[in-house]
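Please look over the sequence and the model shown here before reading on. The paragraphs that follow go through the structure one region at a time.

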Amino acid sequence: MTTAVAVATMKAAQVSAAGAGLRIVELEVPDPGPGQVRIKVKACGVCHSDAIIVEGRRPGISYPLVPGHEVAGVVDALGAGVTEWRKGQRVGVGWHGGHDGTCPECRRGDYRLCRNEKNPGLSYDGGYQEYMLAPVDALVSIPDSLSDVDAAPLLCAGSATYNALRRSGAMPGDLVAVQGIGGLGHFGIQFASKFGYKVAAVGRGSKIESLAMKLGADVYIDSKAKNAAEELQKSGGAKVIIATAPDSKAMTEMIGGLGSNGKLVLIGVSANPIEFAPTQLIRGGKAIEGWAGVTPADTDDALHFAELRGVRAMIETYPLEKAPEAYARMMSGDAEFRVVLTM
Ligand SMILES: [Zn+2]
Ligand SMILES: [Zn+2]
């Protein structure tokens, strides 16, 4: 005898194989396992890192897979043993989607660098769907006054720039340059300005100048028309330069803009080498640092700061059904500046 059970289904934007593109499919609404919650997804950002999954840029990805790691929604069901989160609570999930708690980094409490870090939309189905499962160690709480759409890009891009800047060592009044005015950079200018730095925005062309100034830049440097490093040196050199554009050549050019004890922090992901002479760093005790990610608690802080000081992304929204179009728009580089799916 078989018993017919009505299975609830939902829409998802899924990748069936590397390079196969996004397709809208019907999936079963999943049930949370121990230590997990089910999130009713309200909004999910489309981040450039989603290309890792859609284009299959990493070996060992198991398909089919639902991308998405800028997930904002509401806890809809609790798995066994979950006591610290409640149904109806607004939550988010960013790139840090869980850690093992046992590797050498985790044993030292540095679990943002977990060797076996899990990522939503890569290690398990992410937020391009109506319901998603997440382990509790990945959850971020979303402040009341922040909308789901506004919260989504803060969960990855916003949190990365906020935390890179607040850990950079720059003090109020220091000259801080934000290289690249895109998804990351337009957050970087806002946070840097609200932190009290003297903000130099470095972009290409004159068209984006007025926007950079509106976002909070004190100076705009058009790197097409001028040598950005020389311009920064005219003001004594930057204490910190946050490099957001995924362009190794542009990053290389910025090294010359550092002041004494200055630091170039790399956030934009590029596979091409950065070349410099050791003396460029040795004279003046300068450094280049890779930004390595955040914990969910770091992202809590980013969201609360954004709420407190009114930092918001500029956003283009698309309904989940148009996920392929939204992804193409993000990949085109023409979006201003973050693309967010709504459910
Ligand atoms: Zn991301
Ligand atoms: Zn670990």
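Helix axes are lines fitted to C-alpha atoms, for helices over the stretch in contact, and the angles between them run from 0 to 180 degrees between N-to-C directions. Helices (H or I, at least four residues) and strands (E, at least two) are DSSP runs, numbered from the N terminus. Two packed helices are described by the angle between their axes and the distance between the axes. Here, α3 and helix α9 (residues 296-309) pack at about 100°, and their axes are 8 Å apart. That makes α3 roughly perpendicular to α9, where angles under 35 degrees count as roughly parallel, over 145 as roughly antiparallel, 65 to 115 as roughly perpendicular and the rest as oblique.

This is a predicted model, in which local features need pLDDT of at least 70, side-chain atom pairs count only at pLDDT 80 or more, and totals for chains, interfaces and linings use all residues. Residues are numbered from 1 along each chain as its sequence is written, chains are lettered from A and ligands numbered from 1 in the order in which they are written, and side-chain values use heavy atoms, with hydrogens and water left out.

Which residues form the contact between α3 and α9? On the α3 side they are A151, L154, L155, S159, Y162, N163 and R166, and on the α9 side D298, T299, D301, A302, L303, F305 and A306; contact means heavy atoms within 4.5 Å. By class, eight of these residues are nonpolar, three polar and three charged. In this scheme Ala, Val, Leu, Ile, Met, Phe, Trp, Tyr, Cys and Pro count as nonpolar, Asp, Glu, Lys and Arg as charged, and the others, Gly among them, as polar.

H69 lies in the loop between α1 (51-54) and β4 (71-78), and C156 in helix α3 (residues 148-166), so the pair ties together parts that are 87 residues apart in sequence. Buried means under 20% relative accessible area, exposed over 50%, and partly exposed in between (1.4 Å probe, protein chains only).

The loop that holds H69 is also the place of P64. A cis peptide bond joins Y63 and P64, with omega about 0°. A cis bond also runs from E336 to F337, with omega near -15°, and F337 is found in the loop between α10 (323-332) and β15.

Is helix α4 (residues 185-194) largely enclosed or open? Eight of its ten residues are buried, so α4 is largely enclosed by the rest of the structure. The buried residues are G185, H186, F187, G188, I189, Q190, F191 and A192. They pack against α3, β8 (175-179), β9 (198-203), α5 (209-215), α9 and β15 (338-342). After α4 comes G196, whose phi is positive, near 90°.

The strands hold several side-chain contacts. R90 lies in strand β5 (residues 90-93). A polar atom of the R90 side chain is 2.9 Å from the backbone oxygen of P143, and the side chains of R90 and D148 make a polar contact of 3.2 Å. A polar contact is a pair of N or O atoms within 3.5 Å; within protein, one must be able to donate a hydrogen and the other to accept it, and residues adjacent in sequence count only if both atoms are side-chain atoms. D76, in strand β4, has a side chain joined to that of R38 by a polar contact of 2.5 Å.

A134 in strand β6 (residues 131-135) is buried, at 0% relative accessibility. N261, by contrast, counts as exposed at 54%. N261 is found in strand β12 (residues 258-266) and has a positive phi of about 60° although it is not a glycine. E275, in the loop between β12 and α8 (278-282), is exposed too, with a relative accessible area of 66%.
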